[in-house]
Amino acid sequence: MTKDIKALYNEAPAIFQRVRREIDKVMVGQNVAIEQLLVAIMAGGHALLESNPGLAKTLLVKTTAATMGLTFSRIQCTPDLMPADITGTTIIEDAGGSKQFRFQPGPVFANLVLADEVNRASPKTQSALLEAMQEQQVTVGNNTYLLDKPFFILATQNPIEMEGTFPLPEAQLDRFLLKITLDYPSFDEEMKIMERYTGRSEPKVEQVATKEDILDLQRLSRDVPISDDLKVGAVKVVLATRSWQGVQYGASPRASIGLINSSKARAFLLGRNYVSKEDLHVMAYPVLRHRVILNFESERKGLTSDQVITEILQKHNL
Amino acid sequence: MSFSARKLFIQIYQIISVNGPYEFLAYLRGLQQAFSRFETLVFALNAIIISAVIYAVLAFLGLPAFTSFYWQDSMLLAQLPAIISLAIGTVIAVIMRRRSKGDFFGLLNQELSEEARTAYDNQNNRTVFMDRLAEDLKKKLAAIKASSLLDWRKVYLRAGLAAIVLLLIVVITTSEISADLSPADLQTFSHLKDRATGLFEDESQQPQGPSANITGGIYGKPSLAVLSEEKLQLQLYPGLAPGSRSQETEAANNLFLPGEAGEAAAVPSDIYIESLPPQNKEIIKRYFENLAKS
C-alpha cells in the first residue's frame with residue numbers, strides 16, 4: 001500500500017464521489033452500468049459491455065480512464081485483426097549502423113483497454129486476449145512482457161448484426177468478471193443528452209484519482225467483511241446454475257469468487273462497511289448472466305439468463 | 001503492580017478472552033442471553049400447555065381417577081397419566097422449538113441484523129472495516145433494550161392459555177363430567193390382546209379334556225367348568241373384572257374359594273359345580289354363557 005490504510009479508508013468515499021461526479025459530467029443516466037463498471041475496476045476484473053449501437057459504451061470507458069489517470073487504448077476488432085495487432089510485435093530497427101530487434105508493444109499495453117466489438121475479431125485474435133486477461137502478461141516469441149497494473153479489458157459487443165461475427169467461447173466469457181448491459185435512455189435523459197452535446201462546447205473531464213489510488217482501493221476492497229450466511233448463499237446460487245432446468249452450462253467456481261469480490265467492491269463503493277444481501281442480489285446478474293448458458297429448449301421459449309438468475313435468487317432467498 | 005493497574009489488566013483480559021477483541025460482542029451476548037431466556041420461557045409454557053391439554057383429555061376419560069384408585073399402591077403407576085402427559089408435552093415442545101429455529105439476529109431490523117451477523121462472523125478479523133463496523137454496532141446495540149426486542153405477546157398469550165387449560169382440568173377433576181372408567185372397560189383391550197396372542201398359539205400344544213393339569217396357567221385354555229353334567233365350551237381370561245382372577249394368583253390355592261352371591265369366581269375344577277349354592281347356579285350359568293359370547 002502506498003498510503004496508510006486508515007487514511008485511504010477515510011479518503012475513499014471522497015475519491016469515489018469525485019470520480020462519479022466527473023463521469024456524470026459526460027454520461028447521462030446509465031447509473032447501473034456506471035456503478036457496475038466501477039465495481040469491476042475496484043474488484044480488479046474485466047467487463048463485457050453489451051448494448052445496441054450508440055449508447056456511449058466507448059465514451060463511458062474513455063471517461064472512466066481519464067478520471068482515474070489511467071492509460072487508455074482502443075482496439076477496433078475486425079475479422080482481419082491479427083493477434084500481433086493486439087499484443088505487439090518485434091521490429092528490426094537501425095541502431096548506430098547496426099540492426100537490432102526491438103519489441104513494439106501493442107494496444108494491450110495500457111491500463112484500460114477497450115476491445116470494441118470484440119465478437120467481430122477472429123477466434124485466434126480473441127484468444128490472444130486470454131493470456132493478457134488472465135495472466136496480465138503477454139508472450140511474444142520467447143519473451144514475456146508484464147502488463148502495467150491496474151489492467152482492465154473492457155470489451156463491447158452488439159447483440160444485433162450477428163452475421164459475420166464470432167461469438168466468444170464459454171472459456172473466454174468466463175474470464176470476464178461482469179457482463180454489463182446498457183439500456184436506451186429515457187425521454188428526459190435523451191433530452192439532457194441532446195442539450196449537452198448540441199452546444200458549442202462539449203463537457204470535459206478532469207483526472208481526480210491516480211492509478212496508485214486505484215491499486216490501493218482494489219486491495220482495500222478485499223477487506224470488506226461478509227457474513228457466513230451470504231457466503232453460503234453465494235455458493236448455493238452458483239451451484240444451482242449448474243443443475244437448473246433449462247441451463248446447458250452453469251457458472252464455474254470463478255463465478256463464486258467473482259460474486260463475492262464484486263459484492264465487496266460494491267459495498268465499498270457505496271460506503272458500507274459490510275456486504276449486504278442487496279449487494280449480492282444486485283451483483284448476481286452481471287456476474288452470472290454470461291456464465292449461464294441456456295439450452296435450445298429455453299432459448300426457444302424465449303427465456304433469458306436474467307430470468308433464470310431471478311428464479312434461482314428467489315429460490316435461495318437472496 | 002498497583003491495584004488500579006491490576007484491575008485494568010483484568011478488565012482488558014476479560015474483554016479479550018470473554019468478548020473477543022471487539023466491545024460490541026459484550027452487548028451482543030447480553031441480548032443473545034436475554035433472547036435465550038425468553039426462548040426457554042416460551043418452550044416451558046408450550047410444554048405446560050400441551051401437557052395440560054393431554055392431561056385434560058385423559059381426565060375427561062377418567063384415566064387419572066382410575067389409576068389413582070386401582071394402582072394406589074404404586075406412586076408411579078397412580079400418577080401415570082400426569083407423567084405421560086408431561087413427557088409427551090415436553091417432546092412436542094422440543095420438536096416445536098427445533099422446527100421454529102429461533103434466530104436472535106432475525107429480531108433486529110434488516111440493516112442491524114446484517115451488520116451484527118457480519119461483525120459476529122468476522123470477529124477475529126482485524127481490518128479497518130471491522131473496526132468501524134464494530135464501533136457502529138456497539139453504539140447501536142447499546143441503545144437497544146432486550147425487552148423491546150422480544151415479543152412478549154407470545155408469553156402473555158401462552159400464559160393465559162395455560163391458565164385456562166389448568167382451570168379446565170380443575171373443573172373436570174372436581175365435577176362429574178368425566179367418564180367413570182372401571183376395570184371392566186379395560187376388559188375389551190385385554191380381550192383383544194388375548195385374541196391376538198391366541199392367533200399365534202399352536203393348537204396342538206393346548207391341553208384337551210379334563211385330564212389337563214390345572215395347576216398351570218388356566219387362562220386362554222378350555223375351561224374345565226361343568227354345568228348340569230355338561231362341559232362348558234368356554235375360556236377364561238385374565239383381567240380385573242369380576243368373574244376372573246389376576247394371573248399372579250395360584251389357581252390351586254383357590255379351588256374352594258367361597259363365592260358370594262352375585263360375585264362368582266371362575267374356578268377351573270371338576271368339583272367346582274358341586275361347590276356352588278343351588279340358588280346361584282342359574283346366575284353363574286348365564287354369566288358363563290355371556291362370557292362365552294363376549
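Student: How many bridges join S1(A) to S9(A)?
Tutor: 5 bridges join them, and the two strands run parallel. Keep in mind that this is a predicted model.

Student: Which residue is the bridge partner of A:His46 in S9(A)?
Tutor: A:Phe176 is the partner of A:His46.

Student: What about S1 and S8 of chain A, in which sense do they pair?
Tutor: In the parallel sense, over 4 bridges. S1 covers residues 46-50 and S8 covers residues 152-157. Within S8(A), A:Leu154 is the bridge partner of A:Ala47.

Student: What holds paired strands together in general?
Tutor: Strands of a sheet pair through backbone hydrogen bonds, parallel or antiparallel.

Student: OK, zoom out. In what order do the strands of the sheet come?
Tutor: The order is S2-S5-S8-S1-S9 in chain A. That makes an open sheet of 5 strands with parallel pairing.

Student: Which strands stand at the edges?
Tutor: S2 (72-76) and S9 (176-181) of chain A. Each has a single partner strand, so one side of each has no neighbour in the sheet. From one strand to the next, the twist averages 20°.

Student: Is S9(A) largely enclosed or left open by the rest of the structure?
Tutor: Largely enclosed, because 5 of its 6 residues are buried.

Student: Which helix packs on the sheet?
Tutor: Helix H2 (residues 31-43) of chain A does. H2 touches S1, S8 and S9 of chain A. The direction of H2 makes about 170° with that of S9(A).

Student: New topic. At what angle do H10 and H11 of chain A pack?
Tutor: About 130°, with their axes 9 Å apart. H10 is residues 253-269 and H11 is residues 277-288.

Student: Which residues make the contact?
Tutor: On H10(A), they include A:Ala255, A:Gly258 and A:Leu259. On H11(A), they include A:Leu280, A:Val282 and A:Met283. By class, the contact has 9 nonpolar, 3 polar and 2 charged residues.

Student: Switching to A:Val208. Where does it lie?
Tutor: A:Val208 lies in the loop between helix H7 (187-196) and helix H8 (211-221) of chain A.

Student: Does A:Val208 count as buried or exposed?
Tutor: Buried, because A:Val208 has 20 C-beta neighbours inside 10 Å. The cut-off for buried is 20 or more.

Student: What is A:Val208 in contact with, leaving aside its neighbours within four places in sequence?
Tutor: A:Arg18, A:Val19, A:Glu22 and A:Thr67. A:Met68 is 140 residues away from A:Val208 in sequence, yet their C-alpha atoms are 6.1 Å apart.

Student: And chain A overall, how many helices and strands?
Tutor: Chain A has 13 helices and 11 strands. Of its 318 residues, 41% count as buried. Among contacts with a separation of 6 or more, 79% link residues 24 or more positions apart.

Student: Last one. How many residues of chain A are in contact with chain B?
Tutor: 15 residues of chain A, which meet 13 residues of chain B. Helices H1 (5-26) and H9 (228-243) of chain A each give two or more residues to that side. H1(A) gives the most, with 3 residues. By class, that side of chain A has 7 nonpolar, 3 polar and 5 charged residues.

Terms used. Residues are numbered from 1 along each chain as its sequence is written. Chains are lettered from A and ligands numbered from 1 in the order in which they are written. This is a predicted model: local features need pLDDT of at least 70, side-chain atom pairs count only at pLDDT 80 or more; totals for chains, interfaces and linings use all residues. Two residues are in contact if their C-beta atoms, placed from the backbone, lie within 7 Å. Ala, Val, Leu, Ile, Met, Phe, Trp, Tyr, Cys and Pro count as nonpolar, Asp, Glu, Lys and Arg as charged, and the others, Gly among them, as polar. A residue is buried if 20 or more other C-beta atoms lie within 10 Å of its own, exposed if 12 or fewer, and partly exposed in between; C-beta atoms are placed from the backbone. Axes are lines fitted to C-alpha atoms, for helices over the stretch in contact, and angles run from 0 to 180 degrees between N-to-C directions. Two strands pair if DSSP finds at least two bridges between them.
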